[in-house]
Amino acid sequence: MDQLVEDANALIFTFGPYRLGVHGPGAGMDTLCIGPSYVNREEDFFFLLYNILAEMEEVTELQPVPDAHVPVMKFKFDGLSIDLCYASVSLLVVPEDLDISDVSLLYNIDEPTVRSLNGCRDADKILKLVPNVEHFCTTLQCLRFWAKRLGVYSSAIGFLSGVNCALLVARICELYPNAVPSLLVSRFFRIYTQWQWPNPVLLCSIGEDEHGFNVWDPRRNPGDQTHHMPIITPAYHCKNSSYNVSKSTLRVMREQFQHGNKICEEIELNKASWSALVEPYLFFESYKNCLQVDIVAVDVDDLRAWKGWVNSRLRKLTLMIERDTMEMLQCHPYPQEYIDTIKQCAHSAFFMGLQRKQGKEVQDRQFDIRGTVDEFRHSIGMYNFWKPGMYIFVSHVRRRQLPPYLFRDHVCKQSRQSRVLAQQHAHGVSGTSSGERDLKRENDLGGGLPEKPVAIVTHKEGSASPDILDKCLTVEVVNLDKRKLSAELKPGDASDSSAIKDVSSISSVLEKIVI
């Protein structure tokens, strides 16, 4: 026993962008702690280690998330964001030279532990499969930056995650093994614009079941048949890394792939620069109707936990609206968080764009989604760590009713944003179809939702709403400019010529990543 205590140890590995070599300044770090079999996740990691970290002055914003798909402890260490996972392997002593790619590590462990280990194992497998690691990393940096700027980088609400981007880029690298990054970026958009989803993106063949864990196989697993955008991880056990993607978010990503492909075609014809590829998406100028989700709590610590719970379930609201409207009302959840600093309580807001599906049979359709929102509200109320002061408000807002705090920092950017919006319309990427632009704003949702925003409060039964909410969530209505943003634009002529350019041709884009 004394020898066991003396030999007791644990190893720390990194995964995600840091392990792949594409992290930027100020970015967080994904880490994995591997410990011996007698140190478990529930008691030792989420209880004992949590208490140790809570006592350290260097640690702030400590937040355990034990019920996540991959259980994780989130915190900041000297200002650096850390996501720490834990895996207990079937060893009494963890060797210093542990080979994490060894499949025997998966013996006699549960599935959450396998998912924790596979963050590192997938990253290593990707780096082994790509023909040129340097070109892969440069291309991945560019496309992660593009995804964030265009609002399609958030796995929680159904868009791309870091591993999704890495796998999509790695597949392009396999298809074009001798290509430089500028060509890889161009081919990324060309290939995925034409990709026939739900055909899966695979870096290698899916291995056979070796340790009793289900691998992704829609022929055997009915649940896998519902996936809309399968992007399969390469390490055993191979799973779909994009299981959160819905029909609505897939539609948005397809539009952005098409937009990126058009820009790259213009770059090949010297009609555009690489900076045009990463012009931000003008979400609020693209939709006439939005759902506004306000999340409030008494202080920032409560808000952090409460917001994490709500944000992880926003994708369910998208699925519920798809279900209850027979997919006739399309949703576009936007990952950007907005904060009204004037509020007297801790506040966070997210928005979801709404539009009718294109087609004459839908234009006169009325949608009443109040019951859907109420169902979502009740699901959010199941939070086990609810505290007084934690509330969620869901309201329908038209473009002219958007709260002024969205624009306080963007007053001087309107003329530039209008030009960008015109460019996005030229490439067919817009939150409103041509048919919808002809409708009167007063009838945008067919009268199914009230004209004024309706506050829906979620709280535990029997608890009273605090007076602070009256000051926190007063609905602010601002009259925005009603001018229509339009332009007579012609699509550029497509060209099939190869975009063989020097790596420096996208340096201006990559410089923005490291600022």
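Tyr-38 is found in the loop that connects strand E2 (29-35) to helix H3 (41-54); helices (H or I, at least four residues) and strands (E, at least two) are DSSP runs, numbered from the N terminus. The model is predicted: local features need pLDDT of at least 70, side-chain atom pairs count only at pLDDT 80 or more, and totals for chains, interfaces and linings use all residues. Residues are numbered from 1 along each chain as its sequence is written, and side-chain values use heavy atoms, with hydrogens and water left out.

With a relative accessible area of 37%, Tyr-38 is partly exposed; buried means under 20% relative accessible area, exposed over 50%, and partly exposed in between (1.4 Å probe, protein chains only). Together with Leu-92 and Val-93, Tyr-38 makes a nonpolar surface patch of about 260 Å². Patches consist of residues with over 30% relative accessible area and no salt bridge, where like charges are joined within 9 Å and nonpolar side chains (Val, Leu, Ile, Met, Phe, Trp, Tyr) within 5 Å. A salt bridge is a side-chain nitrogen of Lys or Arg within 4 Å of a carboxyl oxygen of Asp or Glu. Accessible areas come from the Shrake-Rupley method with a 1.4 Å probe; for residues, only the protein chains shown count as cover.

Helix H6 (residues 162-175) presents another setting. Ten of its 14 residues are buried, so H6 is largely enclosed by the rest of the structure. Among the buried residues are Gly-162, Asn-164, Leu-168 and Ile-172. The buried residues of H6 pack against helix H2 (17-20), helix H4 (111-129), helix H5 (133-149) and helix H7 (181-194), a contact being heavy atoms within 4.5 Å.

The structure holds zero disulfides, a disulfide being a pair of cysteine sulfur atoms within 2.5 Å.

For the chain as a whole, the secondary structure comes to 16 helices and nine strands. Of the 515 residues, 50% are buried.
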